[in-house]
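Let's take a walk through a protein together.

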Amino acid sequence: MNRTLYVYNYQKINELKLEFSNKHFISFGFIFNMASEIDNIELLDDYFDDCIVDISVLAFDTGYYRFFIERYLYALINKFDNIKFAVVSENKNDLLNRFTYFFSDINEQFSIDTNDNMQVIDPIEHDSLNYSIENIPLVLYNKSMLNNGMKKYKVISIGCLFSGADNLSYKFNSENIKQLLKSEDFQYIDITPVIDLFKIRSDLVLAFEILLRQIYIIKKETSFLICDELLDEIKKYLPFTFRIDNALAMSEIDETKSNDVFLDVEETKRIADLINNSLKGHDEFKKDFEFNLKKFVFLNELKERKIFSIFLTGESGIGKTEFAKMLSDIMYPKQDLIKINFENYSTEGVLNSLIGSPLGYIGSTEGGELINKMKVSKSKIVLIDEFEKATPSVFHFFYELLEDGKFTDRHGIEHNLDGYIIIFTSNMTRKRYIESVPNPLKSRFDMVYCFVELPPNEKERFVIGTATDLISKIFKSTNVTVDISCVSTEMNSLIKNNNLRSIKRKIEDIIIAQYYTNINQ
């Protein structure tokens, strides 16, 4: 059986990602939290067969649990033929000293020696790996916020969960943790103090991660904080535990920030990474989206492009609308997506419904749907759904809007959409798109893509992620545990369906039916 250990360095993290683009990177703490006993490994589903488990944390173990951990690793490879292991290069020697005979081969192609001339990679770049249900959101804050920006928010320190700190016998205070999870008196847990703790007690890293995961599962609305200056430090100890949620940090904690999103190279990379990890399938589209977003930012700064326009076709329920929602949530959290559905319009009054009727006509004082929704939401993402129902007057409206970045309503008021992203969706086929959409409008779209059916492995991940999230919410609300393994057969049958919305509803049916079965037993 192949027991290769992949040694990686942050400078080559993207190469590691590309080599195993079909796998998920998870921490040992995540899998151990799912199955803390060796016998429980048999209950884990096939999701873990497509994972690379980072076991860097095992290098910090004092040796007390070495025999148990080695048996645990053997149980993993016996259960999952394709599971792989990775360790950060600086922990390699300590890990191999503890588990001398477990690994049959050491692959160091993703490890390079660091030196004084080596360029330091920005820590945000480390978050370009595959993320799914296993990653905990981490919010960054700046030290300048400590004086005033944080005072109006309810923040507690991770230190209140420990006991015995006076004599370095650090233990988690279980009673404090239970009371904490029942409390509604906090919004954020600041984990910044653990950096100094880990420097003297690195053997606590695994226990700490398991604690964080349990808090997050039970109390999803809690956000974990860390000072942005220490982001690199926490990743040395927990490289695959967190996903960085900068948008929340800026919008929640620093209210002086404008609602406009400042798009630079780093921000576009963050947005593209979050889309890449959240949107199931459509790999070519996600790759091209990152490039086109960067291009738009560059051209917008040069005043050469006002609006970024995307046209998506394909069957219903395969991710077109979901992409628009994701993008709006990432760039403008807590703002409503500006959505216009042409199915709701009559063919005769589409343009009037969109931007208002001329003065003197019925409904002229009410304005148009697009204008009204732009006033209410500060999002700059506009979804134009079911565009196949548009009329020639609408086509002409969008000729000018995409070209000029602005339009004048029926009352003579000019509306500036500079910096907006407009996403058009339609169920029309490629052939119908070519025949129906006028060439002048086609030439104004920055991207045109046809979304196709997801491959089975992506649908399987969608099923697992959706089911796990629902099970966590049920447990949090009712304290009733629903075992996903009890409905695995029904879950596996769902991947035959192509419509993700339909799959999600069926998942809800299966999980809730199992919930009622549990409470009636």
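How much space lies in the second largest cavity? About 50 Å³. A cavity here is a set of points, on a 1 Å grid over the protein atoms alone, where a 1.4 Å probe fits but cannot get out. Grid points are joined across faces, edges and corners, and the volume is the space filled by probe spheres set on the points. Rolling a probe the size of a water molecule over the atoms shows where empty space is left. Counting cavities of 30 Å³ or more gives 3.

Before going further, please note that this is a predicted model: local features need pLDDT of at least 70 and side-chain atom pairs count only at pLDDT 80 or more, while totals for chains, interfaces and linings use all residues. Residues are numbered from 1 along each chain as its sequence is written, and side-chain values use heavy atoms, leaving out hydrogens and water.

By class, the lining has 5 nonpolar, 3 polar and 2 charged residues. Nonpolar covers Ala, Val, Leu, Ile, Met, Phe, Trp, Tyr, Cys and Pro; charged covers Asp, Glu, Lys and Arg; the others, Gly among them, are polar.

The side chain of Arg-213 makes a polar contact of 3.0 Å with that of Ser-27 and another of 2.8 Å with that of Glu-209. A polar contact is a pair of N or O atoms within 3.5 Å; within protein, one must be able to donate a hydrogen and the other to accept it, and residues adjacent in sequence count only if both atoms are side-chain atoms. Arg-213 sits in helix 7, residues 205–218. Helices (H or I, at least four residues) and strands (E, at least two) are DSSP runs, numbered from the N terminus.

Is Arg-213 buried or exposed? Arg-213 counts as buried because its relative accessible area is 5%, and buried means under 20%, exposed over 50% and partly exposed in between, with a 1.4 Å probe and protein chains only. Lys-178, in helix 5, is partly exposed at 48%.

Finally, step back to the whole chain. It has 20 helices and 19 strands, and buried residues make up 51% of its 521 residues.

Methods
On a 1 Å grid over the protein atoms alone, a cavity is a set of points where a 1.4 Å probe fits but cannot get out, and a pocket is an open set with protein on both sides within 12 Å along at least five of seven lines; lining residues have an atom within 4 Å of a point.
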